[in-house]
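User: I have a chain open here and would like to go through it with you. Can we start with the terms and then move to the elements?

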Amino acid sequence: MALTGVQIFKKLPQTNCKECNFPTCLAFAMALASAKTEIEKCPYVSKEVKSELAEASAPPIRGVKIGSGETAITIGEETVLFRHEKRFEHPTAFGVLITDEEKETEITRKIKALNETKYLRVGVELKPELAALKNTSKNKETFMKLVNTARDSVSGCLMLMSEDVEILGEAARLCKDKRPILYAATSDNYQKVAQISKENNCPIVARGNGLEELATLTDNLVKTGIKDIVLDSNPSTLKQAYEDQIFTRRLSLLKAFRPLGFPTIAFPCEMTDNLMEESLIGTVFISKYAGIVIFSDIQPHHMLPLLVYRLNLFTDPQRPLTMDEGIYEFGNPDASSPVLITCNFSLTYFVVSGEIEASNVPLWLCVMNTDGLSVLTAWSAGKFVPDLIAPFVKKCGIVDRVKHRNLIIPGYVAQISGELEEELNKEWNVKVGCREASDLPLFLQQFAKI
């Protein structure tokens, strides 16, 4: 059970040194109890107390790392029920189910789809991350053949699924270097699965029939030394699955109920035979509140909307996606190429850059830091105004790259053109561009002829 702020305070040095950036030790203890800081911030606490309080400072939902190297993913570590309260920490991982009874051509197709399904949106790569390998044949040799194939060809993470603990253990040893997640520990086999997990340093899925049995199971697993756990309440209906996801999140966050303080997994692939309906069910679990969602297949028309939906939900509402400030080149520009300026809101950049590329006009695009605000919002907030734009233009380096002095500004801030020329000491001619990005190709082609 997590300690209260007062209980933590009694274990602290109580020096009120302020080196933890809190005014008092009591304020630090309260923040620690609510998982808003870490015990390491206190420079004078003893090692024994630090170890004891580590649990209190941990997120209410434990973070679980799956996989290894660059393809590893982390789920969990969530601290809120709703994104607008703060943010969601780790996006839901998408996986595809592959059984050892499927034809070899189908297995190859699914693995290829998993590896090659990638989309770029506002500078972020979107892709599914996991292959769930299921031993439906109950045959050891058949399953090990599938595991061997996936180990050598899947670029993402693996989940090994078998009811036979012996088969699960051998598969885990074979894929140890990829750190797969093991499915599943139950009330009957948890001690054996826990031993496999320890030997191979693998996270596991705990599966119980309902939240009560699941809580007992995770408590037993923690006592064996296993902490990297993902929850499966084994629901029989979508309604039950939805309720279990919500109850799990609320109990762990609002009641600090540690036995359910782990990320969860959901299987839309087992709830319908219709891929479109499966996608709709998937959106339910992305929102409420699965850490992993397993689908039966990966096809562009069903995966792209899910990936974009996930991106939108897990983008930090307090920190917009931004581009680095600087000069961006399009089409090998030279000293005579046009110069445009815009803000560093990533959506603005990628919409504008797409239209620039469509125009086939080589140019320089100066991207100014506006704290991730769009053009009009940045202007109204005083972040995209002449007295800030002028110093940026002078210092960004564009002066050394072009021989002309024509600067094109977005049409929506046409009213700043005169003042901007004054701020630039009339060394630059400020040209007003088009309002809509879709008009850029025609505008740039006509401007290039001048």
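This is a predicted model: local features need pLDDT of at least 70, side-chain atom pairs count only at pLDDT 80 or more; totals for chains, interfaces and linings use all residues.

User: Fine. Which residues of α14 are buried?

Analyst: In α14 the buried residues are Pro 386, Ile 389, Ala 390, Phe 392 and Val 393. They lie on the same side of α14, because the arc they cover around the axis is only 165°.

User: What do the buried residues of α14 pack against?

Analyst: Their partners are β13, β14, β15, β16 and α15 (417–423).

User: What comes just after α14?

Analyst: Gly 397 does, with a positive phi of about 105°.

User: Now the sheet. In what order do the five strands run?

Analyst: The order is β13-β15-β14-β16-β17, in an open sheet with mixed pairing. β13 (326–330) and β17 (429–432) are the edge strands; each has a single partner strand, so one side of each has no neighbour in the sheet.

User: How much are neighbouring strands of this sheet turned against each other?

Analyst: By 30° on average, with direction ignored.

User: And where does α14 sit relative to the sheet?

Analyst: Helix α14 (residues 386–395) packs on the sheet and touches β13, β14, β15 (363–368) and β16. The direction of α14 makes about 130° with that of β15.

User: How many bridges join β14 to β16?

Analyst: Two bridges, between residues 339–343 of β14 and residues 406–409 of β16, and these strands run parallel. Within that pair, Leu 340 stands opposite Ile 408.

User: Changing topic: β8. Is that strand buried or exposed?

Analyst: Buried: five of the five residues of β8 (residues 181–185) are, so the strand is largely enclosed by the rest of the structure.

User: Which strands do bridges join to β8?

Analyst: Three bridges join β7 (residues 157–161) to β8, running parallel. Another three join β8 to β9 (residues 204–207), also parallel.

User: Where are the cis peptide bonds?

Analyst: One joins Tyr 183 and Ala 184, with omega about 5°. Another cis bond runs from Lys 288 to Tyr 289, with omega near -25°. Tyr 289 is in the loop between α10 (275–287) and β12 (292–295).

User: Which residues have a positive phi although they are not glycine?

Analyst: Glu 77, at about 60°, and Asn 234, at about 55°, are among them.

User: Where are they found?

Analyst: Glu 77 is in the loop between β2 (73–75) and β3 (93–99). Asn 234 is in the loop between β10 (229–232) and α9 (238–254).

User: And how accessible are Glu 77 and Asn 234?

Analyst: Glu 77 has 32% relative accessibility, so it counts as partly exposed. Asn 234 is partly exposed too, with a relative accessible area of 38%.

User: Back to Tyr 183. How far is it from Glu 116?

Analyst: Their C-alpha atoms are separated by 25 Å, and the residues are 67 apart along the chain. Glu 116 lies in helix α4 (residues 104–116). Its relative accessibility is 55%, so Glu 116 counts as exposed.

User: Last, the whole chain. How many helices and strands?

Analyst: There are 16 helices and 17 strands. The C-alpha trace spans about 80 × 65 × 40 Å along its principal axes.

User: What share of the residues counts as buried?

Analyst: Of the 450 residues, 49% do. The accessible surface comes to about 21800 Å², and 49% of that surface belongs to carbon and sulfur atoms.

User: And the contacts, what share is between residues 24 or more positions apart?

Analyst: Such pairs account for 66% of the contacts with a separation of 6 or more.

Methods. Residues are numbered from 1 along each chain as its sequence is written. Side-chain values use heavy atoms; hydrogens and water are left out. Two strands pair if DSSP finds at least two bridges between them. Helices (H or I, at least four residues) and strands (E, at least two) are DSSP runs, numbered from the N terminus. Axes are lines fitted to C-alpha atoms, for helices over the stretch in contact, and angles run from 0 to 180 degrees between N-to-C directions. Contact means heavy atoms within 4.5 Å. Buried means under 20% relative accessible area, exposed over 50%, partly exposed in between (1.4 Å probe, protein chains only). Accessible areas come from the Shrake-Rupley method with a 1.4 Å probe; for residues, only the protein chains shown count as cover. The arc is that of the directions from the helix axis to the C-beta atoms.
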